[in-house]
Amino acid sequence: MKIAVFPGSFDPITIGHVELVRRAIPLFDKIIIAVGVNSQKKYLYTLEERIHQIADVFVQEPKIEVDKHEGLTALYCINKNAQYLLRGLRNASDFDYEKQLSQMNHIIGDGVETVFLISHPQYSHISSTLVREVIKGGGDASPFLP
Ligand code: ADP
């Protein structure tokens with residue numbers, strides 16, 4: 001059984017995340033969307049809100065599971081018997097960061113392989129960080145949200 005973990009903050013989940021997951025569904029038997037809990041981080045949406053938003057989007061998808069996750073992603077993968085991590089690449093700065101993360105996770109995570117999907121061009125400008133700015137500034141973020 002091929003199990004992938006898609007870790008992230010998802011604060012909030014955007015149509016960029018959704019597209020990535022939809023493209024990954026045929027590749028795996030199960031994808032666990034692992035919503036990050038980090039006491040040092042200040043979120044716009046609570047953990048429960050973020051989990052609900054994601055679960056709503058994928059309610060019809062039997063391969064998708066939504067969970068919370070605290071601590072090291074690599075250890076979470078071992079715990080869940082997941083052999084794969086799923087991540088998206090939008091641009092060169094994503095690449096530089098993700099390359100390091102993937103190499104370290106491979107060591108800590110007992111050989112866990114990160115699978116990258118390159119974002120389709122119509123989604124590569126979308127980030128949760130900027131969506132939060134739009135929401136905080138009173139703008140309409142609906143074009144970026146599922
Ligand atoms: P993190 O805090 O771990 O970066 P995010 O929720 O911002 O969490 O992102 C989780 C994953 O989703 C990352 O791999 C990121 O590259 C990917 N991602 C975010 N936005 C997009 C997008 N618009 N298109 C493709 N992948 C994306």
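Me: Where does the ligand sit?
Reply: The ligand sits in the largest pocket. A molecule counts as sitting in a pocket if more than half of its atoms lie within 2 Å of the pocket's grid points. A pocket is an open set of points on a 1 Å grid over the protein atoms alone, where a 1.4 Å probe fits and protein lies on both sides within 12 Å along at least five of seven lines.

Me: Which elements give two or more residues to the shell around the ligand?
Reply: Those are strand E1 (3-8), helix H1 (15-24), strand E4 (84-89) and helix H4 (92-108). E1 gives the largest share, three residues. Helices (H or I, at least four residues) and strands (E, at least two) are DSSP runs, numbered from the N terminus.

Me: Is this an experimental or a predicted model?
Reply: This is a predicted model, where local features need pLDDT of at least 70, side-chain atom pairs count only at pLDDT 80 or more, and totals for chains, interfaces and linings use all residues. Residues are numbered from 1 along each chain as its sequence is written, and side-chain values use heavy atoms, with hydrogens and water left out.

Me: Thanks! How many residues surround the ligand?
Reply: There are 16, and the closest are Ser-9, Phe-10, Gly-88, Tyr-123 and Ile-126. By class, five are nonpolar, six polar and five charged. Here Ala, Val, Leu, Ile, Met, Phe, Trp, Tyr, Cys and Pro count as nonpolar, Asp, Glu, Lys and Arg as charged, and the others, Gly among them, as polar.

Me: What about polar contacts?
Reply: A backbone polar atom of Tyr-123 is 2.9 Å from a ligand nitrogen. A ligand oxygen is 3.0 Å from a polar backbone atom of Phe-10. For Arg-90, an N or O atom in the side chain is 3.2 Å from a nitrogen of the ligand. A polar contact is a pair of N or O atoms within 3.5 Å.

Me: Phe-10 again! What is its phi?
Reply: Phi of Phe-10 is near 50 degrees, a positive value in a residue other than glycine. Most residues other than glycine have a negative phi. Phe-10 is in the loop between E1 and H1, and it is buried, with a relative accessible area of 2%. Buried means under 20% relative accessible area, exposed over 50%, and partly exposed in between (1.4 Å probe, protein chains only).

Me: Which residues does a cis peptide bond join?
Reply: Asp-11 and Pro-12, with omega about 0 degrees. Pro-12 lies in the loop between E1 and H1. Most peptide bonds are trans.

Me: Changing topic: is Asp-110 buried or exposed?
Reply: Asp-110 is exposed, at 68% relative accessible area. Asp-110 also has a positive phi of about 60 degrees, although it is not a glycine. Its place is the loop between H4 and strand E5 (113-118).

Me: And H1, how many of its residues are buried?
Reply: Seven of its 10 residues are buried, so H1 is largely enclosed by the rest of the structure. Among them are His-17, Glu-19 and Leu-20.

Me: What caps the N-terminal end of H1?
Reply: Thr-14 does: one of its side-chain oxygens lies 3.1 Å from the backbone nitrogen of Gly-16.

Methods: A residue is near a molecule or strand if one of its heavy atoms lies within 4 Å of it. A polar contact is a pair of N or O atoms within 3.5 Å; within protein, one must be able to donate a hydrogen and the other to accept it, and residues adjacent in sequence count only if both atoms are side-chain atoms. On a 1 Å grid over the protein atoms alone, a cavity is a set of points where a 1.4 Å probe fits but cannot get out, and a pocket is an open set with protein on both sides within 12 Å along at least five of seven lines; lining residues have an atom within 4 Å of a point.
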